[in-house]
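Work through the exercises below with the structure open beside the text. Each task is followed by a solution in steps.

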Amino acid sequence: MSPMTAQIAEKVEAAPRRRSIGEVVLTVDDLQTVFYTRAGMVRAVDRVSFALKAGETLAIVGESGCGKSITALSLLRLIPDPPGRIVGGKVVLEGTDLLSLSEPAMRKVRGNRVSMIFQEPMTSLNPVLTVGRQISQALMMHQGMSKAAAMERAVEMLRLVKVPEPAQRVKEYPHQLSGGMRQRVMIAMALSCNPRVLIADEPTTALDVTIQAQILDLILELQNQLGTAVILITHDLGVVAETAQRVIVMYAGRKVEEATVEELFARPLHPYTRGLMASIPRLGLMRNQTVETGRLQEIPGMVPPLFDLPAGCAYAPRCALADDRCRAEYPPFEEKRDAHWAACWHAGE
Amino acid sequence: MTTVDHSAELARAGANVTGWASRTLFLANRYPLGAFGAVIVILFVFAAIFADVITPVDPTSTNPAKSLMAPGGQALMGADFMGRDMYSRVVHGARISLAVGLGSTALGCLIGVIIGLASGYLLGWFDLLVQRVIDIMQALPLLVMALVMAASLGPSLENTIIAISIPLIPNVARVIRSNTLAIRELPYVEAARAQGMSEVRIAVFHVLPNTLAPLIVLATAQLGAAILTEASLSFLGLGIPEPHPSWGRMLSESAAEYVRTAPWLVIFPGLAISLVVFGTNLLGDAVRDLLDPRQRS
C-alpha cells in the first residue's frame, strides 16, 4: 500500500460503519442514455448497471463529462428531450420500472420517492418565494397536506437540518441565507417527503471547505435516521472515502470499476482509478516524497470526445499500460476479485 | 475623531420601523419622488371616488348665465361655453381617466401575461405563430391601433377600455416572454422538476412570480400611456361619448375656439392629464425598486 492510499485508508476507517443496510430499493440495469448532436450520437451513459440498498451510500466518481450527472438525471427521467433520450435499460424502484411509467406517474415519484440535491445552492432556490413556501410545495403536492400543515412540517424539516431559528427562517427569502444554509434548505426540501432514494449531485462542490464537512455529516446523519439510500455523485475521492460504502468509477459514460470503499482504496485495479488517486494533492508528499519529482501527478491527455470513442478501451489513449489488444477490443466488466469488478485487460498490473 | 451616533445610523437603516404608519414614513423618506407620485395618484383616486361629494354642481348641468365664466368665486375653474362648471367636470373626469387607465392596463396585462407565458414556455410552433402576430401588432403605433379599434368598436366606456388594452398586449407579451425564456433555464426550475412539479405548475408557481417585477414597471408606465391614449381618442372624438366629462374631450371642445378667449378651459384638463401621468410614472419607478426582493430587509 502506497503512503497516499494509506492516508485515504485512515479516512475510510474513520467513516461511520454502524448504519444498518437493508434490502435493495433501486436496481439500474443496462441504462443507456444518448444525445443526438450535430457532431454525432453521444453515448453519455453506456450500459450502466448497479443496485442500491436502503441505508446505503453509493458513490459515483469520475472526471467532468464522464456521465455521472447524466446517470443521475436519467434515474429521474429529467434528460432534456431533444437532444437526449434514454434508449435502453431499466430503472426499477421497489418493483416498478420508472422508465415505463407515464409522465404524470413519474411526477409522483420525483421529489416524493426519489429526490435530488443539486450542486448550486445559490441558484437552485427561487429568489422570489420564501424558503417555507418552497419546502411546503412538495409536501402539498405529494402528501396532500394543507398549507398550514405543510408549513409546520417545513419548520420541522429546517430544525432537522439544523437551521437555527427555523420558525423565523421559513419566512425568509433565499438571498437572506448563506450558501451553507441554502444547501441545508435544499436538503430539507429533498428529504421532506421521506424519499427512498436521495441523489446528491456534487452537494458540496460550491461550498466552503469548512461547510462541506458539516453538510456531508448532515446528509449521513439524516440518512441514518431515515434509512434513505444515497447516491453521491462527486469527483472528490476524499468525500468518497469519508461517506460511501460502495464506489462506482465511471469513464466516458461507462462503469470501469466497482468495489467497496475499503477494497477500492486498498487495491485499485483500473489504471484510471489509480491515476485519479495519484492526482490527489497530499501535504506529506510535498515534504518527503521528492522521489516523484515533488510534482503532483496527473493523468495525461483528456477524456476523448464521446461522439468519437476509440474502438477498444476508451482509456487506452491515456493509459501507460495500453497495448494493441486494449486499443482494439473493449475489456469486459468482470469480477476480478471478491466483490470487486473492473473493466480492464491489465487489471491490477 | 467624531463619535458615531449608532441610534441615528440605525434609524436611517430603518431598524426600528414597526407598524404600517412608521413603515410608510420610512418608505416615503427613502423614496421621496415615489412618495410624491403616490400622493398625486392618491389625490386623483380620492377625487374619483368622492367626485359627487366634493363638487357643488352636476358636471353635465348647463347654466347659460355662467357661459365662459372666468375662474373665480362662482366657479373655481371657470365654466365652459355651455356654462358647465369646469371644476366639477375635471374632478368627474378623474373617474373616467382612472377607470379607462386601470381597466385597460389590467385587461392588457392579463391577456399579455397569459400569451407571453404560454409563448415563452411552450415554444415551438405556438411561439412562432404568436410572435409573428405580435410583430404585426407592434408595427402599428399604439395610438393608430387604438384608433382603429375604437373606430370599429364604436364609442362607449367599455369599448374605449378594450380598444386601449389591445395595443398594450404585445408589449406585455414580449416582456413576459423574454423573461420566461431566461427563467425557464434556471437551476431552480430544474430543481422544481426534480421535485415532481408539473410544467403548468412550474410556469405559474416559479416562472410567473419572477416576471412580476418587470411587469409592474411596465404596467405603471402603461397606465400613464393608457390615460394619455384615452385623452387622445376622446380629443379625436372616438373615445368617451358625451355627456361624460373626459379630459381629452374637454380639450378638443375648447382648444380650437376658446384657447385665446377662455384659456382655463384648456389649462385645467391639460394640467390634470399631465399631473396624473407624471404621478403614475414616479410611483411606478419607486414600486419597481421596492418590489426587488434583493432590496427588502
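## Exercise 1: Overall picture of chain B

In chain B, residues 24 or more positions apart account for 69% of the contacts with a separation of 6 or more. The model is a predicted one.

Task: describe the secondary structure, extent and burial of chain B.

Solution. 
- Step 1. Chain B contains 12 helices and zero strands. Read from the N terminus, the order of elements is therefore α-α-α-α-α-α-α-α-α-α-α-α.
- Step 2. Along the principal axes, the C-alpha atoms of chain B fill a box of roughly 75 × 65 × 30 Å.
- Step 3. Chain B has 297 residues, and 42% of them count as buried.

## Exercise 2: A helix crossing in chain B

Task: find how the axes of α3 (residues 32-49) and α5 (residues 86-122) of chain B cross, and list the residues that make the contact.

Solution. 
- Step 1. The two axes come within 7 Å, and their crossing angle is roughly 105°.
- Step 2. Angles of 65 to 115 degrees count as roughly perpendicular, so α3(B) is roughly perpendicular to α5(B).
- Step 3. On the α3(B) side the contact is made by Phe44(B), Val45(B), Ala47(B) and Ala48(B). On the α5(B) side Val91(B), Ala94(B), Arg95(B) and Leu98(B) take part.
- Step 4. By class, the residues of this contact are seven nonpolar, no polar and one charged.
- Step 5. An α-helix has 3.6 residues a turn, so residues three or four places apart point the same way.

## Exercise 3: An enclosed helix

Solution. 
- Step 1. A residue is buried if 20 or more other C-beta atoms lie within 10 Å of its own. In α9(B), this applies to Tyr188(B), Val189(B), Glu190(B), Ala191(B), Ala192(B), Arg193(B) and Ala194(B).
- Step 2. After α9(B) comes Gly196(B), with a positive phi near 95°.

## Exercise 4: The sheet of chain A

Task: give the strand order of the eight-stranded sheet in chain A and say which strands stand at the edges.

Solution. 
- Step 1. The sheet is open, its pairing is mixed, and the order is β6-β7-β8-β3-β9-β10-β12-β11.
- Step 2. β6 and β11 (334-337) of chain A each have a single partner strand, so one side of each is left without a neighbour in the sheet.
- Step 3. From one strand to the next, the twist averages 25°.
- Step 4. Within the sheet, β7 (residues 197-201) and β8 (residues 229-234) of chain A are parallel and share five bridges. Here Asp201(A) stands opposite Ile233(A) of β8(A).

## Exercise 5: Strand β9 of chain A

Task: which strands pair with β9 (residues 246-251) of chain A, and in which sense?

Solution. 
- Step 1. With β3 (residues 57-61) of chain A, β9(A) pairs in the parallel sense over four bridges. Leu58(A) has Arg246(A) as its bridge partner.
- Step 2. With β10 (residues 254-260) of chain A, β9(A) runs antiparallel, and six bridges join them. Ile248(A) has Glu258(A) as its bridge partner.
- Step 3. Two residues lie between the strands of the β9(A) and β10(A) hairpin, where Ala252(A) has a positive phi near 50°.
- Step 4. In a regular strand the side chains alternate between the two faces of the sheet. Arg246(A), Ile248(A) and Met250(A) point one way, while Val247(A), Val249(A) and Tyr251(A) point the other way.
- Step 5. Six of the six residues of β9(A) are buried, so the strand is largely enclosed by the rest of the structure.

## Exercise 6: Where the chains meet

Task: describe the side of chain A that touches chain B.

Solution. 
- Step 1. The contact involves 26 residues of chain A and 17 residues of chain B.
- Step 2. In chain A, α3 (103-109), β6 and α4 (131-142) give two or more residues. The largest share, four residues, comes from α4(A).
- Step 3. By class, this side of chain A has 13 nonpolar, nine polar and four charged residues.

Conventions:
Residues are numbered from 1 along each chain as its sequence is written. Chains are lettered from A and ligands numbered from 1 in the order in which they are written. This is a predicted model: local features need pLDDT of at least 70, side-chain atom pairs count only at pLDDT 80 or more; totals for chains, interfaces and linings use all residues. A residue is buried if 20 or more other C-beta atoms lie within 10 Å of its own, exposed if 12 or fewer, and partly exposed in between; C-beta atoms are placed from the backbone. Two residues are in contact if their C-beta atoms, placed from the backbone, lie within 7 Å. Two strands pair if DSSP finds at least two bridges between them. Axes are lines fitted to C-alpha atoms, for helices over the stretch in contact, and angles run from 0 to 180 degrees between N-to-C directions. Angles under 35 degrees count as roughly parallel, over 145 as roughly antiparallel, 65 to 115 as roughly perpendicular and the rest as oblique. Ala, Val, Leu, Ile, Met, Phe, Trp, Tyr, Cys and Pro count as nonpolar, Asp, Glu, Lys and Arg as charged, and the others, Gly among them, as polar.
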